[in-house]
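Dear colleague,

I am passing on the structure we spoke about, and below it I set out what was found in it. Please read the notes with the model open beside them.

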Amino acid sequence: MKLLKAKNRKPNLIEFDISELPRLDGRGANEDIVATGVMLDPIEVENRRGDEYDKPRYGAGGRYYVHQHYRVHKGNSRVWAAEELGYTHIEGIWFASRNI
């Protein structure tokens, strides 16, 4: 197991398996992390394991919706960078939605 650790330590850090985290294609890898190998802040991950439906759901164009158990709320480019550098795990925290 190769873990990318966050430099700014926060309480309740969790090690996430990179293969279980969905990644968006838009931005790509964070170039600062790729160049230095240092991640400043941990990623924020939303836990969606309890949001599954019994019936199949369909999205745009009638395509089958595949449920994701986790969603990277903040730090998607850090996950790309960690994968590019050969890490298997990354430090993060659970994202808590706030009703303001």
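Is Arg71 buried, partly exposed or exposed? Arg71 is partly exposed, since its relative accessible area is 36%, where buried means under 20% relative accessible area, exposed means over 50%, and partly exposed lies in between, with a 1.4 Å probe and protein chains only.

Before the rest, a note on the basis: this is a predicted model, in which local features need pLDDT of at least 70 and side-chain atom pairs count only at pLDDT 80 or more, while totals for chains, interfaces and linings use all residues. Residues are numbered from 1 along each chain as its sequence is written, and side-chain values use heavy atoms, with hydrogens and water left out.

The chain has two helices and five strands (DSSP runs numbered from the N terminus, H or I of at least four residues for helices and E of at least two for strands), and along the sequence they follow the pattern β-β-α-β-β-α-β. Of its 100 residues, 32% count as buried, and the C-alpha atoms fill a box of roughly 45 × 30 × 30 Å along the principal axes.

Strand S3 (residues 43-47) takes part in two pairings, where a pair requires that DSSP finds at least two bridges between the strands. With strand S5 (residues 89-94) the sense is parallel, over three bridges, and Ile43 stands opposite Gly92 in S5. With strand S4 (residues 70-74) the sense is antiparallel, over four bridges, and Val45 has Val72 in S4 as its bridge partner.

The structure holds three salt bridges, each a side-chain nitrogen of Lys or Arg within 4 Å of a carboxyl oxygen of Asp or Glu. One of them brings us back to Arg71, which pairs with Glu46, the closest N and O atoms being 3.6 Å apart. Because Arg71 lies in strand S4 and Glu46 in strand S3, this pair ties together parts that are 25 residues apart in sequence; Glu46 is partly exposed, with a relative accessible area of 23%.

Another salt bridge joins the side chains of Arg9 and Glu91 (2.7 Å, N to O), and it links distant parts of the chain, with Arg9 in the loop between strand S1 (3-4) and strand S2 (14-17) and Glu91 in strand S5, 82 residues apart. Arg9 counts as exposed at 53% relative accessibility, whereas Glu91 counts as buried at 5%.

There is also a salt bridge between the side chains of Glu83 and Arg23 (3.2 Å, N to O). Glu83 lies in helix H2 (residues 76-84) and Arg23 in the loop between S2 and helix H1 (31-36), so the two tie together parts that are 60 residues apart in sequence.

On the surface, Tyr58, Tyr64 and Val66 form a nonpolar patch with about 380 Å² of accessible area together. Patches are made of residues with over 30% relative accessible area and no salt bridge, joined within 9 Å for like charges and within 5 Å for nonpolar side chains (Val, Leu, Ile, Met, Phe, Trp, Tyr), and areas come from the Shrake-Rupley method with a 1.4 Å probe, only the protein chains shown counting as cover for residues. Tyr64 lies in the loop between S3 and S4 and is exposed, with a relative accessible area of 53%.

With kind regards
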